[in-house]
Amino acid sequence: MNRWLIVLPIAGLVVFAGVLGFRIGQPVTETDIINRYAAEYVAEFGAGAALTDCLATAGMGNVRLVVRCQHPDGRKAIYPAGPHGGLLDLNQGPEA
């Protein structure tokens, strides 16, 4: 009986760690990237901004996608996303 009191919590932790590892290992989709930066655009620009103001194009090199959003008043936001969906700062690095 005492063994089950030790084995059961350990088994639960192993299952939890396996599920967590599986979820973290899932690749980021293009849809996830577009939704993330469109939501960031709406949060930054506020009134009048909509998710439908954004579109994405394929990037080149280290840039996976470029999400471009244009506010109805003419302001623009450009979000270059890297291979794993992170925002890239294209103003850094060696000069060409």
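## Aromatic pairs

The structure holds 2 aromatic pairs, where rings of Phe, Tyr and Trp (its six-membered ring) pair if their centres lie within 6.5 Å, with planes under 30 degrees apart counting as stacked, over 60 as edge-to-face and the rest as tilted. Tyrosine 37 and tyrosine 79 form a stacked pair, 5.4 Å centre to centre with 15° between the planes. This pair links distant parts of the chain, 42 residues apart, since tyrosine 37 lies in helix 2 (residues 30-45) and tyrosine 79 in strand 3 (residues 76-81); helices (H or I, at least four residues) and strands (E, at least two) are DSSP runs, numbered from the N terminus.

The rings of tyrosine 41 and phenylalanine 45 have their centres 4.9 Å apart and their planes at 40°, so this pair is tilted. Tyrosine 41 and phenylalanine 45 are both buried, meaning under 20% relative accessible area, with exposed over 50% and partly exposed in between (1.4 Å probe, protein chains only).

## Nonpolar core

The largest nonpolar core has 13 residues, and Tyr37, Tyr41 and Tyr79 are among those with the most contacts inside it; such a core is a set of buried Ala, Val, Leu, Ile, Met, Phe, Trp, Tyr and Cys residues joined through side-chain atoms within 4.5 Å. Helix 2 supplies the largest share of this core, 5 residues.

## Basis of the model

This is a predicted model, in which local features need pLDDT of at least 70 and side-chain atom pairs count only at pLDDT 80 or more, while totals for chains, interfaces and linings use all residues. Residues are numbered from 1 along each chain as its sequence is written, and side-chain values use heavy atoms, with hydrogens and water left out.
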